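Subject: Structure handover

Hi,

Here is the structure I promised to pass on, with my notes below it. Have a look at the model first, then read on.

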Amino acid sequence: MVRRTKEEAQATRNKVLDAAEHVFYEKGVSRTTLADIAQAAGVTRGAIYWHFTNKSDLFNAMFDRSLLPLDELVESTLDGKKTDPLARLRELFIWCMCNITTDEQRRRVFDILFMKCEFVEEMGPVRERHQNNMRDGMERIERALRNAVEKQQLPAALDTRRAVIILHCMFTGILHDSLMLPDIVHPERDAEALIDACFDALRYSPALLATRGA
């Protein structure tokens, strides 16, 4: 038997991920089997198990493939040498909102995560990974907010823990609604104004000041 090259193995892996993305989107995650994905990819179930332990492992790999570029952009807001970290963070949020809803592949993946994935028992690892991603993302955004406070771009008394919670909730809510109601929430038209409103809350809301207590 001829040993597969790394390039062939990677090509098969990508083919499986692409097929999973489309089948999850069409059928929903819970109703999709590995046999469905194998058929769509034109491979055997054994080929899937060569690369992935189970459906949740495959789902996580599919999601991580879309999330990686966003992670790299978040890191760029954490450089303490940047003189305008808040502007960089604003640009990041606007870019994410527009890109996630206009890039066909990334939109499909987030649509699956938000609206076509039930966190039932077999998807427990997916839920745990998603929770960890959220915690990690919020921690890094809070570091960026502290950076902005140090640069006097946000109030010195800003409760950054509370601020990152409201910012994250507002952004994910906007993103969800832009996927669910694209006729009402249109990223190219609304992204800047909506994100600016979120950041204005950080600047001016008394409820986000540490002096208001825990």
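This is a predicted model: local features need pLDDT of at least 70, side-chain atom pairs count only at pLDDT 80 or more; totals for chains, interfaces and linings use all residues.

The structure holds one cavity of 30 Å³ or more, and the volume of the largest cavity is about 30 Å³. Its lining is made up of Phe59, Asn60, Phe63, Leu113, Val126, Arg129, His130 and Asn133. Which helix gives the most to that lining? H7 does, with four residues. Helix H4 (55-75) and helix H7 (124-150) each supply at least two lining residues. By type, the lining divides into four nonpolar residues, three polar and one charged.

Now to the charged pairs. The count comes to 16 salt bridges. Two of them fall within H7:

- Arg143 pairs with Glu139, with the closest N and O atoms 3.8 Å apart. The two are four residues apart in helix H7, so about one helical turn separates them. Arg143 is partly exposed at 34% relative accessibility, and Glu139 is partly exposed at 36%.
- Glu142 and Arg146 meet in a salt bridge at 3.5 Å, N to O. They too are four residues apart in helix H7, which means a separation of about one helical turn. Here Glu142 is buried, at 17% relative accessible area, whereas Arg146 is partly exposed at 36%.

Elsewhere, Lys27 forms a salt bridge with Asp36, the closest N and O atoms being 2.9 Å apart; Lys27 is partly exposed, at 33%. Finally, a network of salt bridges links Asp18, Glu21, Arg65, Glu104 and Arg108.

Happy browsing!

Technical notes
Residues are numbered from 1 along each chain as its sequence is written. Side-chain values use heavy atoms; hydrogens and water are left out. On a 1 Å grid over the protein atoms alone, a cavity is a set of points where a 1.4 Å probe fits but cannot get out, and a pocket is an open set with protein on both sides within 12 Å along at least five of seven lines; lining residues have an atom within 4 Å of a point. Grid points are joined across faces, edges and corners, and a volume is the space filled by probe spheres set on the points. Ala, Val, Leu, Ile, Met, Phe, Trp, Tyr, Cys and Pro count as nonpolar, Asp, Glu, Lys and Arg as charged, and the others, Gly among them, as polar. A salt bridge is a side-chain nitrogen of Lys or Arg within 4 Å of a carboxyl oxygen of Asp or Glu. Buried means under 20% relative accessible area, exposed over 50%, partly exposed in between (1.4 Å probe, protein chains only).
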